[in-house]
Amino acid sequence: MNCLAYLRVSTREQAEEGYSIPAQKEACNKYVKEKNWNLIDEFIDQGESAKSANRPKLQEMLVRIKEDKSIGVVIVHKIDRLARNMEDHVVIRAVLRKNDVQLVSVTENIEDSASGRLVEGILAAMAEFYSSNLAS
C-alpha cells in the first residue's frame with residue numbers, strides 16, 4: 001500500500017522530548033516497514049504550530065492526496081502532529097475519508113470502527129485541550 005508520512009514539530013522543547021523530526025521519521029519508517037507498505041513521500045513542517053491547518057507541507061500533502069489516487073494511508077507519529085484543534089482535525093479527516101485514505105498513528109491505536117473513531121475523537125480533543133491549556 002502506498003503511504004505518505006506527515007511529520008511536524010513546533011518548538012525546541014518538543015524536539016528535546018523525543019518528538020524531533022528524526023525520531024518521528026524513524027518511528028514512521030519502522031512502522032511502514034513492518035506493514036510492508038510503500039512510503040512514497042514525506043511532508044515535514046518544522047517550527048509550525050498545529051493551532052492552524054495553514055501549514056505549507058500539510059496543505060501540499062492534502063493536495064497530493066486529492067490528486068494521487070494511489071495513496072492509501074497517511075502515517076503520523078501522533079494525532080496531535082496533524083492538528084491541535086477539533087475543527088481542523090475534522091476537516092483534514094474529511095479530506096482523507098473522501099479520498100479513501102486511512103490515517104495511522106504510530107503510537108496510538110486508531111481503528112476504522114465506531115470505537116476507533118471514538119478514541120480518535122478523544123485524542124483530537126485532548127490535543128486541543130493541551131494547546132488551549134498552554135495558552136492560558
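A: Let us begin with a definition: the expected span of a helix is 1.5 Å times one less than its number of residues. Please keep in mind that this is a predicted model.

Q: Okay, how many residues does α4 have, and how far does it reach from its first C-alpha to its last?
A: Helix α4, residues 86–98, has 13 residues and reaches 18 Å between its first and last C-alpha atoms, which is close to the 18 Å expected.

Q: Which residues are buried in α4?
A: The buried residues of α4 are Asp88, His89, Ile92, Arg93, Val95 and Leu96. Looking down the axis of α4, these buried residues fall within an arc of 155°, so they line one face of the helix.

Q: And which exposed residues are on the face of α4 turned away from that buried side?
A: That face carries Glu87 and Lys98, both of which are exposed.

Q: What happens at the start of α4?
A: There, a side-chain oxygen of asparagine 85 comes to within 3.2 Å of the backbone nitrogen of glutamate 87.

Q: What follows α4?
A: Aspartate 100 follows α4, and its phi is positive, near 55°. Aspartate 100 sits in the loop between α4 and β4, the latter being residues 102–105.

Q: Is aspartate 100 buried or exposed?
A: The relative accessible area of aspartate 100 is 67%, and because exposed means over 50%, aspartate 100 counts as exposed.

Q: Switching to α2, what span should its 15 residues have?
A: At 1.5 Å a residue, helix α2 (residues 21–35) should span 21 Å, and this agrees with its end C-alpha atoms, which are 21 Å apart.

Q: Which residues of α2 are buried, then?
A: In α2, Ile21, Gln24, Cys28 and Val32 are buried. Around the axis they cover an arc of only 65°, which puts them on the same side of α2. The face of α2 turned away from that buried side carries exposed residues, namely Pro22, Glu26, Lys30, Lys33 and Glu34.

Q: What comes after α2?
A: Asparagine 36 follows α2, and the phi of asparagine 36 is positive, near 60°.

Q: One last topic: which residues make the nonpolar surface patch?
A: Leu118, Ile122 and Met126 make a nonpolar surface patch of about 300 Å². Leucine 118 belongs to helix α5, residues 114–135, and at 55% relative accessibility leucine 118 counts as exposed.

Methods:
Residues are numbered from 1 along each chain as its sequence is written. This is a predicted model: local features need pLDDT of at least 70, side-chain atom pairs count only at pLDDT 80 or more; totals for chains, interfaces and linings use all residues. Side-chain values use heavy atoms; hydrogens and water are left out. Helices (H or I, at least four residues) and strands (E, at least two) are DSSP runs, numbered from the N terminus. Buried means under 20% relative accessible area, exposed over 50%, partly exposed in between (1.4 Å probe, protein chains only). The arc is that of the directions from the helix axis to the C-beta atoms. A polar contact is a pair of N or O atoms within 3.5 Å; within protein, one must be able to donate a hydrogen and the other to accept it, and residues adjacent in sequence count only if both atoms are side-chain atoms. Patches are made of residues with over 30% relative accessible area and no salt bridge: like charges are joined within 9 Å, nonpolar side chains (Val, Leu, Ile, Met, Phe, Trp, Tyr) within 5 Å. Accessible areas come from the Shrake-Rupley method with a 1.4 Å probe; for residues, only the protein chains shown count as cover. A salt bridge is a side-chain nitrogen of Lys or Arg within 4 Å of a carboxyl oxygen of Asp or Glu.
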